[in-house]
Number of protein chains: 2
Amino acid sequence: MDWRQVETDNCSVARALAVVGEKWSLLVLRDAFNGLRRYDELRRHLGISDAVLADRLRTLVAAGVLERRSYQEPGRRSRVEYLVTAAGWDLQPVVVGLLQWGDRHLGDDAGPLVEVRHRGCGGAVEAVVRCAEDGRVLTPAETQLTPGPGLRLRPVEG
Amino acid sequence: MDWRQVETDNCSVARALAVVGEKWSLLVLRDAFNGLRRYDELRRHLGISDAVLADRLRTLVAAGVLERRSYQEPGRRSRVEYLVTAAGWDLQPVVVGLLQWGDRHLGDDAGPLVEVRHRGCGGAVEAVVRCAEDGRVLTPAETQLTPGPGLRLRPVEG
């Protein structure tokens with residue numbers, strides 16, 4: 001398959017990045033994964049503007065990554081919190097992959113901020129690419145791209 | 001661990017996103033993973049401006065994700081191509097994770113554009129979070145965040 005000829009209008013990587021391809025989106029999701037649910041908590045912890053946070057939350061809710069739920073504390077008016085949906089949790093390999101890459105290639109002498117561990121055995125958690133059939137963890141050279149049913153070609157210029 | 005108190009100046013997710021947290025960066029990397037090496041090929045295939053492509057390539061080279069190499073065709077002047085480094089290939093779980101998420105949640109009736117397969121057995125390739133000790137693929141509920149040596153706390157306002 002000559003990738004230069006592949007039409008990428010329907011590329012799923014590009015579609016995913018249309019939702020989470022801006023650093024604040026994935027940092028909002030990181031904080032939501034780590035238990036922050038309320039707008040004010042997110043804004044304070046991320047240190048971003050209302051405009052940016054409101055925009056990213058709208059995008060993530062519209063894409064089904066987060067869902068809005070009302071909550072009410074006694075004597076206060078009803079407010080909204082944001083919960084990670086099942087579709088949102090499906091992005092965990094992406095976020096753990098970024099964490100692991102940052103730890104490995106951009107870490108400093110102080111060592112990692114956090115470690116993700118398996119609750120069962122306490123082992124380190126890693127994001128990997130593996131074969132769904134035989135379960136083997138694969139290197140990039142052991143993987144290959146094959147045409148899918150949605151493949152369309154375009155002429156190569158020059 | 002109360003995530004609201006965690007100082008994230010040294011968060012590896014944020015550091016990774018400072019390099020690849022903009023959709024064109026990861027689309028340049030997608031194309032480089034898929035064999036495109038030359039500036040003109042990348043520009044044509046991505047359909048982006050010179051300014052954006054040049055900027056993203058500079059960032060990716062500075063971060064060690066891509067490396068520049070000179071090549072020369074007979075009778076032409078020397079030119080530069082971009083190769084994925086080992087550090088760049090370490091981002092494969094992130095890119096495959098985005099592909100899989102886009103296929104699963106943003107796919108259309110035509111089906112996926114491409115399928116990533118294990119060269120050995122032809123099985124489908126997936127990005128997963130797993131335990132490095134016992135090799136089990138983990139759901140988010142089976143993982144937990146624990147403090148690392150680089151953890152610093154900050155006061156929670158309000």
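# Two copies of one chain and how they meet

Leaving out residues up to four places away in sequence, B:Val13 touches A:Leu26, A:Leu27, A:Arg30, A:Val95, A:Leu98, A:Leu99 and A:Gly102. Touching, or being in contact, is defined here by C-beta atoms that are placed from the backbone and lie within 7 Å. This is a predicted model, in which local features need pLDDT of at least 70 and side-chain atom pairs count only at pLDDT 80 or more, while totals for chains, interfaces and linings use all residues. Residues are numbered from 1 along each chain as its sequence is written, and chains are lettered from A and ligands numbered from 1 in the order in which they are written.

**Chain A by itself**

- Chain A has six helices and five strands; both are DSSP runs numbered from the N terminus, helices being H or I with at least four residues and strands E with at least two.
- Along the sequence, these elements of chain A follow the pattern α-α-α-α-β-β-α-α-β-β-β.
- The radius of gyration of chain A is 20 Å, whereas a compact globule of 158 residues would have one near 15 Å. This radius is taken over C-alpha atoms, and the globule rule is 2.2 Å times the number of residues to the power 0.38.
- The C-alpha trace of chain A spans about 65 × 40 × 30 Å along its principal axes.
- Of the 158 residues in chain A, 39% count as buried. A residue is buried if 20 or more other C-beta atoms lie within 10 Å of its own, exposed if 12 or fewer, and partly exposed in between.
- Among contacts in chain A between residues at least 6 apart in sequence, 48% join residues at least 24 apart.

**How the copies are related**

- Chain B is superposed on chain A by a rotation of 180° with 0.0 Å of shift along its axis, and the RMSD is 0.0 Å. The two copies are thus related as by a two-fold rotation axis.
- The superposition is by least squares on the C-alpha atoms of residues with pLDDT of at least 70 in both copies.
- The copies meet through the same surface, because 100% of the interface residues of chain B are also interface residues in chain A.

**The contact between the chains**

- Chain A gives 83 residues to the contact, and chain B gives 83 residues.
- On the side of chain B that touches chain A, α6(B) gives the most, with 14 residues.
- The residues on this side of chain B divide into 39 nonpolar, 22 polar and 22 charged. Ala, Val, Leu, Ile, Met, Phe, Trp, Tyr, Cys and Pro count as nonpolar, Asp, Glu, Lys and Arg as charged, and the others, Gly among them, as polar.
- B:Val94 lies in helix α6 of chain B and counts as buried, with 26 C-beta neighbours inside 10 Å.
- Apart from neighbours within four places in sequence, B:Val94 is in contact with A:Val94, A:Gly97, A:Leu98 and A:Trp101.
- B:Pro140 is in the loop between β4 and β5 (143-147) of chain B, and with 16 C-beta neighbours inside 10 Å it counts as partly exposed.
- Not counting residues up to four places away in sequence, B:Pro140 touches A:Trp89 and A:Gln92.

**Strands that pair across the chains**

- β4(A) pairs with strand β4 (residues 125-131) of chain B in the antiparallel sense over seven bridges; pairing requires that DSSP finds at least two bridges between two strands.
- The bridge partner of A:Val125 in β4(B) is B:Cys131.
- Seven of the seven residues of β4(A) are buried, so this strand is largely enclosed by the rest of the structure.
- A:Val125, A:Ala127, A:Val129 and A:Cys131 point one way from β4(A), while A:Glu126, A:Val128 and A:Arg130 point the other way.
- Strand β5 (residues 143-147) of chain A pairs with β3(B), also in the antiparallel sense, over five bridges.
- In β3(B), A:Thr146 has B:Glu115 as its bridge partner.

- The buried residues of α1(A) include A:Val13, A:Leu17 and A:Val20.
- These buried residues pack against α2 (23-33) and α4 (50-62) of chain A, and against α2 (23-33) and α6 (92-106) of chain B.
- The largest nonpolar core has 74 residues, and those with the most contacts inside it include A:Val13 and B:Val13. Such a core is a set of buried Ala, Val, Leu, Ile, Met, Phe, Trp, Tyr and Cys residues joined through C-beta atoms within 7 Å.

Definitions and conventions: Contact = placed C-beta atoms within 7 Å.
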